[in-house]
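Hi,

Here is the structure I promised to pass on. Have a look at it first, then read my notes below.

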Amino acid sequence: MDIARTQRPLTPLGTVTAAQARTSKRTRYLFRALLISMALLVALPVLAVFAYVFVPAPDVWQHLVDTVLADYLANSFWLLIGVGFGVLLLGVPVAWLNSMCRFPGQRIFEWALLLPLAMPAYIIAYTYTGMLDFAGPVQTFIRDATGLGYGEYYFPEVRSLPGAIAMLSLVLYPYVYLLARAAFLEQSVCVLEVSRTLGSSAWHSFFHLALPLARPAIITGLSLALMETLADFGTVHYFGVDTFTTGIFRTWFGLGDSAAAAQLAALLMSVVFMLVLLERWSRHKARYHHTSGKYSVLPKQQLRGKWGALAIVVCTLPIVLGFLIPVLQLLYWAFTVGEQSIDQAFLRLVANSLFLAALAAGFALLLALLLGYGKRLDTHPVVRLSARIAALGYAIPGTVIAIGVLIPFVWLDTQLNNLSKAGFGLSLGLLFSGSLFTLLFAYNVRFLAVSLQTVEAGLGKVKPTIDEAGRSLGLKAFGVLRRLHLPMMQGSLLTALLLVFVDVLKELPATLVLRPFNFNTLAVRAYEMAADERLADAGLPSLMIVLVGIIPVILLSYSIGRARAGSKVQA
Amino acid sequence: MFNKLLTGLLCTALLLPAAATADEVNVYSARKEKLIKPLLDQFTAATGIKVNLLTGKADALLKKLELEGENTPADLLITTDAGRLHRAQQAGVLQPVDSATLMAHIPLNMRDPEHYWFGLTYRARPIMYVKARVSPDELSTYEALTDETWKGRICIRSSSNIYNQSLVASMLASQSAEQTQDWANGLVQNFARPPKGGDRDQIKAAAAGQCDIAIANSYYYAAMLAGSDEAQRASAEKLAIFWPNQGADARGTHINISGAAVTKAAKHKDNAIKLLEYMTQDEAQRWYSDVNGEYPVKVGVAANELLQSWGEFKADTLNLSELGTHNAEALRIMDKAGWR
């Protein structure tokens, strides 16, 4: 911990001794090796999928091409386009309103807009289907009131591609909101003031200055939402929308061909990878840093009258649709028809969920810091590439990751067992793959993208000259991170921590496969009830996931508001 | 301080040994915890053998079992369909069990010919019709559902579901691939809507007027009738069950089983067999029927009164291992038919 404080005479420029150069070179190589091996370790399940690319499965592919592949492609494509527009439209305007304007209720909207984050996509799908389905209360009411029957009136079908787009957009827009708002808040207000004094209108400043400056953060939020969309199985499966993800499982288990299934997954990841590269390329090597470190309290524009009312409507809509209505439905289920009660076993589920989420979030943050800062220190292309591949896990369905994680760890366990049997005649059992260790590892594989991208977005906004200044003043690499970066990007760090926390809380497929004996979580309980088509009994555990998820979500919003550099100076 | 705490947690929580050698048995179960745990608790109370339970999706549990190989902690695999048990046997992760009790309790077609797996309960997949709009006289067989008269009147869930895959596999076992393909094409022509939702959703849609016929598993219908949800009960009451393929030389209504098998690498084989045998005892068999609306496999154990009220029916006597054999082909046929 004292590295940074150690007083050390500065080496005069240009007089680095040969010995020093050698040591630093060796350290650099060691560091690079560490970075690459960490990234590759996390990328192992992803690479395991790619290993299947060369196993021939021509017969199954012919069948897929002849019958369902076109559907998979078209549905996944439109789903991505739809959710992409959905999260941008829902997320960016409210982010701007909440960072730059003041209107009635704004303090509440600030955090309430994050609430849908706590709602798992498959659960919001269940609730809306329960309400809006042909047999549900809304349509039944319409039929009773008008006397019309099936096919005699128009009502949008919930369980359809547009329905899936709506559901996913409603729970995923907070990623965009969160990152965009953090970016708007962290922008130096001077830039905006200069723009306004030079005669730009407020709209012009927004579109030509604030938005482009926040672009990396918005794109990060968008890509997180889209990757989550690609990995989603529960919602599209329930809605009967055949996407790539449902196709992977049909091919894997139904047709019994793991090679063809892995190839579908590899194709999916290649598309994601290309999108990531495309985005990088489209920036034309431009870098977006704070051009000025001068912060003052943001002069928030007071919105009154019809503009204030409009702002309120715009902010209320996503909260009502993405949170309040589904929660009311869950409450209704939990307390009228559901049979689940809050007993000791149920509280155990809550504790297990919290424990897993907290531990996984901590690990994910440490790993993201190591890789994110490592990439900053060492710009070697292999380092960058391996970190990119490691973060692909977010677009892969959890079950695929779970199996991908099991393969190497079971292998390791088998080797350990063979050793101990040969040496001591003792069987160890599945030391790694039978314990929570593997599950935590899988969470990191799945959610590294969330923490890494958030940390990178935070780091990216710190100008490299600050690193140089720190180093020239005698700080070592770790000192720069600890004394300069960490305080400057507190908001991003907390965001990374809490996003993974909430994600793990909601995570189902990997938890289902990798948890140890007699260990259940809220998500597992909710799933088991819903899979047995007992939606009402799924109400209480689902509600609990949402409630537990709210706490970090509120904390998150509070801390981001406070972490803005300018507000600290004031305090 | 924090470091110490973390290390402590890591040591205790993360590396908990998965399997010990005490008097216990480890179960991988595709049956949901709610529908198996009470029975396991009774078993523990009766025998003193502790049961460790890991529930999950059948396909993933099977894959896990395959990967873990001889080091797997699992002694018993429980699934809710015969197809997966067959797949497990093909994957070489099961072992045959020699138990006079099981042979005596379970009918021939509901267990594996080579004793690798055993049925514990069975469920039927009959036709359910809306009483107000369909007369049972109009119904006869699954095959007859492709008739023009049913155009736009049939609700059934997605072909991704194993119960539909098994239904088509059972047809493949009794007729040629071409006939089955024609049947699937014809059925899809008569769908009232693109398949979506689960079995209960089909029953609800029929009750609400979107279709006149639903094909669904019998225990879902029972659960809707017996459950606490008024709306669901009202929906279910509008429908009645028709047992298809009942003629003298017909093959009978399609059934599937929930079943279990001892794993090849079982470290507690004796306990696993004890648990298997326990689950075919009269009380356990009756418990399934009462709690989950399934039919007992054991001859002489009466089904729950609600199930009895639907009348006796002739079940398909096809050996259920055939469902697994034909599964992949069944899915291809459904893909070609455009059954989503």
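This is a predicted model: local features need pLDDT of at least 70, side-chain atom pairs count only at pLDDT 80 or more; totals for chains, interfaces and linings use all residues.

Residues are numbered from 1 along each chain as its sequence is written, and chains are lettered from A and ligands numbered from 1 in the order in which they are written.

**Overall build**

Chain B has 15 helices and ten strands; both are DSSP runs numbered from the N terminus, helices being H or I with at least four residues and strands E with at least two. Its radius of gyration is 21 Å, close to the 20 Å that the globule rule gives for 340 residues, so chain B is as compact as a globular protein of that length. (That radius is taken over C-alpha atoms, and the rule is 2.2 Å times the number of residues to the power 0.38.) Along the principal axes, the C-alpha atoms fill a box of roughly 70 × 50 × 40 Å.

**Two domains**

Chain B splits into domain 1 (2–122 + 256–303) and domain 2 (124–253 + 323–337), with bounds from an automatic or database domain assignment. Their C-alpha centres lie 30 Å apart. Nine residues of domain 1 are in contact with 15 residues of domain 2, where contact means C-beta atoms, placed from the backbone, within 7 Å. Helix α4 (residues 82–90) of chain B gives the largest share of domain 1's side, four residues.

One residue of α4(B) to look up is B:Arg87. Is B:Arg87 buried or exposed? B:Arg87 is buried, because 22 other C-beta atoms lie within 10 Å. Leaving aside neighbours within four places in sequence, B:Arg87 is in contact with B:Leu62 and B:Gly324. B:Leu62 is 25 residues away along the chain, yet the two C-alpha atoms are separated by 8.4 Å.

**Helix α3 and the other chain**

B:Leu62 is also one of the buried residues of α3(B). This helix is mostly covered, with nine of its eleven residues buried. What does the covering of those buried residues include? It includes β1 (24–29), β3 (76–79) and α4 of chain B, together with α11 (244–254), α16 (398–424) and α21 (509–514) of chain A. After α3(B) comes B:Gly69, with a positive phi near 55°.

The contact between the chains takes 51 residues from chain B and 47 residues from chain A. On chain B's side, α3 (58–68) is among the elements that each supply at least two residues, as are α1 (2–14) and β2 (50–55).

Lastly, four strands of chain B form an open, mixed sheet in the order β6-β7-β5-β8, where two strands pair if DSSP finds at least two bridges between them. The edge strands, each pairing on one side only, are β6 (154–155) and β8 (239–242). Two bridges join β6(B) to β7 (residues 213–215) of chain B, and these strands run parallel. There, B:Ile154 stands opposite B:Ile213.

Happy browsing!

Methods
Two residues are in contact if their C-beta atoms, placed from the backbone, lie within 7 Å. A residue is buried if 20 or more other C-beta atoms lie within 10 Å of its own, exposed if 12 or fewer, and partly exposed in between; C-beta atoms are placed from the backbone.
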